[in-house]
Structures are given as structure tokens and as C-alpha cells.
Amino acid sequence: MPSLVCCLGKRRGKRIGGAQTVFDIAVVCLVVTALVAYVNKRFVGLPTVIGVMTIALLLSFALIALDRLGVPGVREYNLSLVASIDFSTVLLQGMLSLLLFAGALHIDVAELKAYWWQVGVLALVGTVVSAALIACALRYFLPMLGLGLELPWLYCLMFGALISPTDPIAVIGILKSAGAPKSLEVVISSESLFNDGVGVVMFLLVLGMLNGGVPTAGDAALLLLREAGGGIAFGWLLGYVTNRMLGSIDSYQEEVLLTLAAVMGGYALAARIDVSGPLAMVAAGLVVGHQGRAHSMSDLTREHVDMFWELIDAILNSVLFVLVGMEVIIVAFPTHVLLASAGAILITLSARLITVAAPLVVFKRAFRLPKGAWQVLTWGGLRGGISIALVLALPAGAERNVLLALTYSIVVFSILVQGMTIRAVTRATADCGPPGDHAH
């Protein structure tokens, strides 16, 4: 079975029409992102992830309103522009590797070692159980509404797999700005980084079944071992080799370039050898962030590497969530789907509560997490661009249209509602220190 990146790349080809070249689209995206980020920072003042997505959504709604008012050419141009951006390919083959590496680079490995099994339980068991719960609830919930919506089991399982992983990009900066306890920050950020890879592997497995291959339990276990285990092992090796190269020279220009080449080249190679690229980037980021920054880099190199990856993280974050806001133009929201979306939001939050909060409450002493951990982990389970990229990779059809609307509703709710209130929830329930200055 081919890797997910290759599979998605074949499924959704380039859709660049007319005079719109890749360069034209990149220019539009970057200019819009810069202007939206400026407006947010100058006039609105929301955390960047939330602010740029909110303004991009409002901009998209304004363009839709102009079309409804009869302004000629508005809808056609914007549909053409959004359709020209292959969101799945842009995120999964372009941005994801950089974002995951940048997120993992600054994880405190000493803290992670102290909570490694807690992170493993939440990322692996929690994601698998959450996907199963969401699939079952969605399968029986939609027909109960009497709206004529009923999804096959495989589509319900794929929806569970793509919506269960939480987004590390959206929540890490907010937790830091809230002054969350370090242990809680490490657990939720590490869990978010790893459960992306678990969710992607699950999605790949069910997508393969949809395409005609029905694997046995042994096949599924081998796929999980190859994709997840192989991805982590490959990422560790990539990080180790990169560290040896970084330690053999002392020139920050070349060392920054080496880290960039390791990420982009390593992600492409992971797709070639059929292992999980996302998990490989997380593992490589942890190794370089822990060993490389401590032993292979001079102070000057460490400063430039940190600054470079912080800039990459901030810029791509902004671009990603502007794209998420712009994608609303292609999503259909009939009334019956809006009602189903409200139910899907409740289902997703309930699954997060059961799979994350329940173990923390029942096994409180074993998990050793600070006060308020289950509330923060539950409400801080934000969904983001990865879920949208995966659902856009599904085969065209009525099922995909329904799942796209459900996914988009959950992502927008989680970023705007949960994202805007997670700081208050964290400060109200957890033992917080002074707010940090790390917010994006």
C-alpha cells in the first residue's frame, strides 16, 4: 500500500487554470496573509492563528455577499483561485513537514521523558478509541435526525480518523501565553504532535479499504508498524545524521541550511520508503532540538537556528489559517448539514472528553499531571488544517461533500470558540504562572 503522501498526490492533481500560475497563486496567498496578519496585529489583537483565520473568514463571507448582491465576476474569480490551490498537497507535501519539525524542535525532551508513557497513551490509545467512538456515533446519529443523511461505515471511520488528531500548531502558542504549567504544556503539545501521525496512519488504512483492499488484522498491524514505527525510527536516524553534520562545522548559514534540507529531503524520502513522514519529522525535531542544540551548535548557530524556525513557524501558521478561512467558499452548508454539524461538534468534544479526560480522572495519581489537566486537555483539543487536508483528499461524491461540511464546521468551531477561550479555561482551572511571551 503506498504511503499517504503519494496516495493523496495521485488522487488530487494540480488544478491551476487559465493564466494563474503557481507563482501567481503564491503571490496572492502571501500578500493576503501579510495584510490579514497586519490588520489583526494593528487593529484586532487576537492571537495570530485565531486572528488571521477570523479575518480571512470574514473576508470570504464578504466576497460571498458581494456575489449575492450581483457584483459580476467576484464568485467566479474566487472559486477559481481557491480551486487552484490544492490544499491537501500544499499542506501534506509542503507545509506539514516544516510545521511539525518546528513544533518538535522546542519540546523540552527532559520533560517529555518524564511523561513519555502518558503522551503515548493519549496519542495512540486515545486517538484510536476516539476515532472508533466518533465513527459509531456518526453512523447512528445522522439517520436519527431524519435528514436523509446516512454515511457508510468506511466513511464514518475515515471521518473519525481525520477529526480525532488535535492540532499542535493552533494550541502551543496559546498555552504558553496563558502561563500553563510546563508539564501540562509538554504533554498536550507532544500528544498533539504524535497523534497527527497516528490519525494519518489510520486514515491511510481505511482509505485503502475504500479503494478495494480489505486488510486482515495482521496486514493492519504491519501497516501500523511500518508507517508509525518506521517513521519514528527513520526520524531518529535522520536527526542523528543531521546532528553529526552540524557538529562537524561551525557556520550558522550552512547549519541552518542543513536543518532545512534535512526536513524537506527527509519528508520526501519518508514518502518514498513508505513510512510516516509526520512522525519522522516529529522524531527528527526532538533529536535535533535536544542533542543538536545542546552539543552540536555554537551559541551563535543556536540563536540563528531558533530564529529561523520560529519565523518559518509563524509565517506558515499564518498562511495555513488564511487558507483555511478562504476554503469556506467551496464548502456547501445546506440547512440540514448545518444541523448535523452542530451534532458532530458535540460528538467530537464528547469523544475527546471520554478518551482524554476520563483516564486522567480515573488514574490521576498514575498520570501525575497538575490540577486542571483534564479540562485543559479536553477543551484544548483544537482541530486544524490537517483535518481539512485529509477530507479534501477523499473521492469526489455526496459523502465527501457531507464530511467536508462537518469537518469544516468542527475546525472553525474549535479554532474560534475553543481557541478564544482556552486561555481563560487554562488560567481558571490550572495552576498557572505569569503569562509567557511566546504567543504567536
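**Entry 1: a tryptophan and its neighbours**

I looked up Trp 309 and found it buried, at 1% relative accessibility. I note here that the model is a predicted one. Next I checked the ring of Phe 308 against that of Trp 309: the centres are 5.3 Å apart and the planes stand at 90°, so I wrote the pair down as edge-to-face. Phe 308 has a relative accessible area of 24%, so I listed this residue as partly exposed. I then found that Phe 308 and Trp 309 belong to one aromatic cluster with Phe 101.

**Entry 2: other rings**

How many aromatic pairs does a search of the whole structure find? I got 7. One of them joins Trp 117 and Phe 367, with 5.1 Å from centre to centre and 50° between the planes, and is tilted. Trp 117 is in helix 7 and Phe 367 in helix 16 (residues 364-367), so this pair ties together parts that lie 250 residues apart in sequence. Is Phe 367 buried or exposed? I found Phe 367 buried, with a relative accessible area of 4%, and Trp 117 partly exposed at 30%.

I also looked at the face of Tyr 115. Arg 368 lies over that face, 5.1 Å from the ring centre.

**Entry 3: salt bridges**

I reminded myself that side chains of opposite charge can pair when their charged atoms come close. My count of salt bridges came to 6. I looked up three of these in detail.

Which residue forms a salt bridge with Glu 191? I found Arg 352, with the closest N and O atoms 3.0 Å apart. Arg 352 is in helix 15 (residues 335-362) and Glu 191 in helix 10 (residues 182-210), so I recorded a link between distant parts of the chain, 161 residues apart. Arg 352 is at 4% relative accessibility, which is under 20% and therefore counts as buried. Glu 191 is buried as well, at 1%.

Arg 139 and Glu 150 also meet through their side chains in a salt bridge, at 3.9 Å from N to O. Arg 139 belongs to helix 7 (residues 116-144), while Glu 150 is in the loop between helix 7 and helix 8 (153-163), so the pair ties together parts 11 residues apart in sequence. I found Glu 150 exposed, at 54% relative accessibility.

The last one I checked was Asp 299 with Arg 302, at 2.7 Å from N to O. Both residues are in helix 14 (residues 299-326), and their separation of 3 residues is about one turn of the helix.

Note on methods: Residues are numbered from 1 along each chain as its sequence is written. This is a predicted model: local features need pLDDT of at least 70, side-chain atom pairs count only at pLDDT 80 or more; totals for chains, interfaces and linings use all residues. Side-chain values use heavy atoms; hydrogens and water are left out. A salt bridge is a side-chain nitrogen of Lys or Arg within 4 Å of a carboxyl oxygen of Asp or Glu. Helices (H or I, at least four residues) and strands (E, at least two) are DSSP runs, numbered from the N terminus. Buried means under 20% relative accessible area, exposed over 50%, partly exposed in between (1.4 Å probe, protein chains only). Rings of Phe, Tyr and Trp (its six-membered ring) pair if their centres lie within 6.5 Å; planes under 30 degrees apart count as stacked, over 60 as edge-to-face and the rest as tilted. A charge sits over a ring if NZ of Lys or CZ of Arg is within 6 Å of the ring centre and within 35 degrees of the ring normal.
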